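Please open the structure in your viewer and keep the selection tool at hand. The tour below moves from stop to stop, saying what to select and what is found there.

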Amino acid sequence: MSSATCIICLVAFSEELEVVSLKCRHCFHRNCIRDWLKVRQDCPQCRKVVHHRQMYRVILSFDTNYETNEDQARNDFDRVLFESQKERIIHLENQLKKVTKENEGLQKLLSNTKLHTEIKIVRQKVNYTILKEYIINISRQEINELRQNEQIQAEEIESLTDELTKARSVEEKLRTTLNQIQKLIVDASESEDAITFFENFVDSD
């Protein structure tokens, strides 16, 4: 078996079957390694842990004057990986330039005296607003407490008024009873005087 053979199916690489390389640089037929990774998560050759997304297509050349081997596959993989990393570096450099430019613009704005003054005024307004809201909240709490106390006092006054009304009613009843007793006493006294007069009249005869 030559080095240009897929060790999974033991079939030599050819233009008819797509060849891919793992991150460990070992090459296999795409279908073979895909089926393999459904069962295991490692390279069939070196047993390094891999993922199905870590596969890179390898472009192999097949002609009468060139014999494909695994070294060529590794070179192709290195080239693909290099191009991918190069594109990523270019993208990161562009992002860095963009962020640097935005940062320079912000620094210019911050160095503007007028902007500093406006920021100071805004902060003062914010602090005043916070203080105002705090005072309003305290005042509302005090008003609520006063209203609660007023409600309690109103309930106490109402209770005292009811008790006073009841006391006056009892007092009126007592006065009526007292008048009745006094009348009975007067009537009884008059009756005793009449009896005494009659007895004296009888004795004189």
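Is Glu-18 buried, partly exposed or exposed? With a relative accessible area of 33%, Glu-18 is partly exposed, where buried means under 20% relative accessible area, exposed means over 50%, and partly exposed lies in between, computed with a 1.4 Å probe and protein chains only.

Before going further, please note that this is a predicted model, in which local features need pLDDT of at least 70 and side-chain atom pairs count only at pLDDT 80 or more, while totals for chains, interfaces and linings use all residues. Residues are numbered from 1 along each chain as its sequence is written, and side-chain values use heavy atoms, with hydrogens and water left out.

**The whole chain**

Colour the model by secondary structure, and you can look for three helices and three strands, which follow one another from the N terminus in the order β-β-α-β-α-α. Here helices (H or I, at least four residues) and strands (E, at least two) are DSSP runs, numbered from the N terminus. Of the 205 residues in the protein, 14% count as buried. Among the contacts with a separation of 6 or more, 39% are between residues 24 or more positions apart, a contact being heavy atoms within 4.5 Å.

**The salt bridges**

A search of the whole structure finds five salt bridges, each defined as a side-chain nitrogen of Lys or Arg within 4 Å of a carboxyl oxygen of Asp or Glu. Select Glu-18 together with Arg-57, whose side chains meet in a salt bridge at 3.6 Å, N to O. This pair links distant parts of the chain, since Arg-57 is in strand 3 (residues 56-58) and Glu-18 is in the segment before strand 1 (19-21), 39 residues apart. Arg-57, at 51% relative accessibility, counts as exposed.

Next, select Arg-40 and Asp-42, whose side chains form another salt bridge, with 2.7 Å from N to O. Which of these two is buried? Asp-42 is buried, with a relative accessible area of 10%, whereas Arg-40 counts as partly exposed at 37% relative accessibility.

Now move to helix 3 (residues 113-204), where Glu-171 and Arg-175 lie four residues apart, about one turn of the helix. Their side chains meet in a salt bridge at 2.9 Å, N to O, and Glu-171 is partly exposed at 36%, as is Arg-175 at 48%.

**Patches along the surface**

Stay with the surface display and select Glu-155, Glu-156, Glu-158, Asp-162 and Glu-163, which form a negative surface patch; of these, Glu-158 lies in helix 3. Then select Val-122, Val-126 and Ile-130, a nonpolar patch with about 250 Å² of accessible area together. Val-122 is found in helix 3 and counts as partly exposed at 48% relative accessibility. Patches are made of residues with over 30% relative accessible area and no salt bridge, with like charges joined within 9 Å and nonpolar side chains (Val, Leu, Ile, Met, Phe, Trp, Tyr) within 5 Å. Lys and Arg count as positive and Asp and Glu as negative, while His and the chain ends are not counted, and the place of a charge is taken as NZ of Lys, CZ of Arg, CG of Asp or CD of Glu.

Select Thr-5, in the segment before strand 1, which is buried with a relative accessible area of 9%. Leaving aside neighbours within four places in sequence, Thr-5 is in contact with Leu-10, Val-11, Ala-12 and Phe-13.

What does His-51 touch, leaving aside its neighbours within four places in sequence? His-51 is in contact with Leu-37 and Gln-41, and it is found in the loop between helix 1 (30-39) and strand 3. If you draw a distance from the C-alpha atom of His-51 to that of Lys-23, 28 residues apart along the chain, the separation is 9.1 Å.

End with Arg-47, in the loop between helix 1 and strand 3, which has a positive phi of about 70° although it is not a glycine.

Notes
Accessible areas come from the Shrake-Rupley method with a 1.4 Å probe; for residues, only the protein chains shown count as cover.
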